[in-house]
Amino acid sequence: MDHDRSDGEGIGPQEYTGIKMEVLEWSTAAKEAIESKVGGRKVFLVAATLRPETMYGQTNCYVGTSLKYGVFSINDKEAFVCTHRAARNMAFQGISTPRGEINQLLEITGDKLVGTKINAPFSLNPEVYVLPMDNVLATKGTGVVTSVPSDSPDDCQTLYDLRKKAAFYKIELSWAAIDPVPVISTPTYGDMCAPALLVALKVQSQKDTKQLTEAKEIAYKEGFYSGTMLVGEFKGQSVQDAKPKVRQRMIDAGLAFAYAEPEGLVISRSADECVVALMDQWYLDYGEESWRGQVEKLLVNMNTYSVETRNHFEKTLAWLNKWACARTYGLGSKLPWDPHFLVESLSDSTVYMSYYTVAQLLHENSLDGSKPGPLGITADQMTDEIWEYIFCDGPFPDPSPLPREKADALKHEYSYFYPFDIRSSAKDLVPNHLTFCLYNHAAIFPVDKFPLSMRTNGHLTLNGKKMSKSTGNFLTLRDGIRKFGADATRLSLADAGDGLEDANFEEKTANANILRVHTLLGWCEDVIKDEANLRSGPRNYHDDVFEQEMNELINLTQGHYEAMNYKDAVKFGFYEFQSARDWYREVTSDVGMHRDLVRYWINAAALIITPIAPHFAEHIHSTILKSPTSIQLALWPTPTKSVDRTALEAAVYMRDTIKTIRDAEVSLLKMLQKAKGKKGPGGLATAFDPKLPKSVRIYVATTFPEWQDTCVQAVKDAYDEQTDKVDDAKVKVLLAERGLIKDKRAMPFVQAFKKRMAQFGAQTAFRRALPFSESQVLREILPYLRKSLGLVDVEVLSVEEARQKEGEAGYTKSIIDSSEPGAPAFEYRNV
């Protein structure tokens, strides 16, 4: 069972056909080691194959020369040569007797088996030899590989290598004398699929593992899906039809058997390597067609919060089949129809949420129900018929083990709370437990009680590393709360990450959040105490922008909460909400913040972070703002008006422009440093001295350069609205017609413009005019610019106004011409 594994969860069994190849004549080395120790048993080399239909084309058998093999007693009459791992799997599948016992008669290395003559069942060449192979794995199959070089690229290339270097591989050339035999015809590669692929992929030796892996995959798909049998009883039939028939014929003839092993390494919690065992077992037929159809409809209407989770569920539904649902040991519920078994953990507890809706009425401080709850109902009164009435709107039983009013009380609770709104769990439970939950709800409950949503997440790392007690990189919730406090811990957990990727709890972030929370509380207390001294009355431009930014962040935060994206909820509802306040406080420092907006911000800041950090939010709400009721009873601060997008765009423009002006001054100072010492008229050293009083001119353009408009029009003419794509070839033709194809500025601009189309949408990108007046916005921030940049004065001029003054000192043509709408140019000067 998956949860009993320490490694290999989700790995299932792989079923093979075990091919029994009877030893006809031992090699000299093997004869000395084996013959006297097998007790007269027939000895078979056993190969595990996924392609029994190709056995007609066997030309030899391969072993790994350095691998250790055993000769294992299967019963009194037969012994198998294979790896110990394979024999261990067989011991639990009824292949050997007694069950569970491994009787190894002797151990032998693969090199001693080379040269042994064996019988290849169903082969057109019944007598073949054991040969060496470089790529045989002890961890897959039996360690014995039957060779069909016509349809297996690995087998074919190994045969070629052995023939080229017989002396090197220490074989007689006659052992590898049989040529590949046509078994399957394929439309693409003919009757010899493997040799054709070796040529096509330029495979030169067994060491070309990458090409051989590709060739193997192609050969299998081509043969299985498109192949036709050329030989044998089922000649002329498709491989898909013939494969199970050939397998059954071999098993019926006693020449093969069903063999299974784990698809990969599976380790139990007791650190043992697991095997595939055939046991008495109950299965749930999750792959049944009509049942699966119900679940697929359920999934369509269920919110999974991410495309990845939905895809994971869909892939699981595509492969999930019969699932072993019982075990005979451990904790768990007894299987109702066979109490000898317990329900295994992943199959159990898939509908327990429905029981939670009525548990409070059935229990009184007792998990086992030994003490009846408020309704006085005993466990034996809760019959299948009563549960059917409560959960599935079944008929009320007559006679009934309990009064109808009590059953109705239970049904009322269930109907009120069900279906469950969300199930949040780990991503590794999608292929099993969570999908079982969907199947069982589809089977038991009416459609209106199907799950509404499921959200999955990855695991949690600590400081970028996997949590491990042995390395000391480990933190429990209790220790986290002791170390950082509840709210700082919760903020950091929310900030750790969402979705299927592993989240990362950073202790540095938690420590920073302690300071951030205390700083925020201190600011709120101080500003409310001094509330009377805050500005009141009419609002200015920055007040209006601040309100719009707050409302936008409130809406964004709500959206992320609803989508269960807590990292982004913290980003917008905590960090950026404070950044918006910081900017507002800074830009209004000359006149002060508005009292109403400050109180609105404090109230909203507490409310929108309450789901994640409820304790300090409650302190703000109840203690600082003096609210008479708990914040848990407060409503979400939904804005009363829609957000003004123009005001938001103006705010972004405002901040970007200020940053650009600051960056321009820094760049200018660097240029002055490089030019230090250079004298002369017009030199940088004489043009501007940052130590002297300074001023800046801002040049605002209302139109774009003509060449840019031409480029945009070319893109627009080549844009297909239905496909939302730009024909790049047509753009080049149009630019050539309009004389811009050789302009070095054109193509970089076109590429940048296409990125803008992808980011904001085509129509928004084509509509290049700004929705606000740049000059007006810039004039609103002039006081802040003067103060923050230490300027004597700031002038805002249109490009047209500036060009009228070209030639005058401090008006540089190249700077003026560089201005574009949304990207004003700046020129510093001394005054």
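Predicted model: local features only at pLDDT ≥ 70, side-chain atom pairs only at ≥ 80, totals over all residues.

Colleague: Fine. So which strands does α21 lie across?

Modeller: α21 lies across β24 and β28, and it runs at about 50° to β28.

Colleague: In what order do the strands of that sheet come?

Modeller: The order is β27-β24-β28, 3 strands in an open sheet with mixed pairing. β27 (793-798) and β28 (825-830) are the edge strands; each has a single partner strand, so one side of each has no neighbour in the sheet. On average, neighbouring strands here are turned by 20° against each other, ignoring direction.

Colleague: How many bridges join β24 to β27?

Modeller: 6 bridges, and the two strands run parallel. If you want a pair to click on, R697 has E795 in β27 as its bridge partner.

Colleague: Which strands does α28 touch?

Modeller: Helix α28, residues 782-789, packs on the sheet and touches β24, β27 and β28. Its direction makes about 135° with that of β27.

Colleague: OK, switching to α12. Which of its residues are buried?

Modeller: A407, L410, K411 and Y414 are buried in α12. Looking down the helix axis, the buried residues fall within an arc of 100°, so they line one face of α12.

Colleague: What covers them?

Modeller: The cover includes α10 and α11. On the face turned away from the buried side, α12 carries the exposed residues E405, H412 and Y416.

Colleague: What span should α12 have, going by its residue count?

Modeller: With 14 residues at 1.5 Å a residue, α12 should span 20 Å. The C-alpha atoms at its ends are 20 Å apart, so the two agree.

Colleague: Is K202 buried or exposed?

Modeller: Exposed: K202 has a relative accessible area of 63%, and the cut-off for exposed is over 50%. K626 also has a positive phi, about 60°, although K626 is not a glycine. You'll find K626 in the loop between α20 (614-624) and α21 (645-674), and at 64% relative accessibility K626 counts as exposed.

Colleague: Last one, D368. Where is the place of D368?

Modeller: D368 is in the loop between α10 (352-362) and α11. D368 counts as exposed, at 59% relative accessibility.

Colleague: What does its side chain make a polar contact with?

Modeller: The side chain of S370, at 2.9 Å.

Colleague: And how far apart are the C-alpha atoms of D368 and K42?

Modeller: They are separated by 59 Å, with D368 and K42 being 326 residues apart along the chain.

Key. Residues numbered from 1 in each chain as written. Heavy atoms only, no water. Buried < 20%, exposed > 50% of the residue type's maximum accessible area, 1.4 Å probe, protein only. Helix = DSSP H or I, 4+ residues; strand = E, 2+ residues; numbered from the N terminus. Pairing = 2+ DSSP bridges. Axes fitted to C-alpha atoms, helices over the stretch in contact; angles between N-to-C directions. Contact = heavy atoms within 4.5 Å. Polar contact = N/O pair within 3.5 Å; in protein donor to acceptor, adjacent residues only side chain to side chain. Expected span 1.5 Å × (residues − 1). Arc of directions from axis to C-beta.
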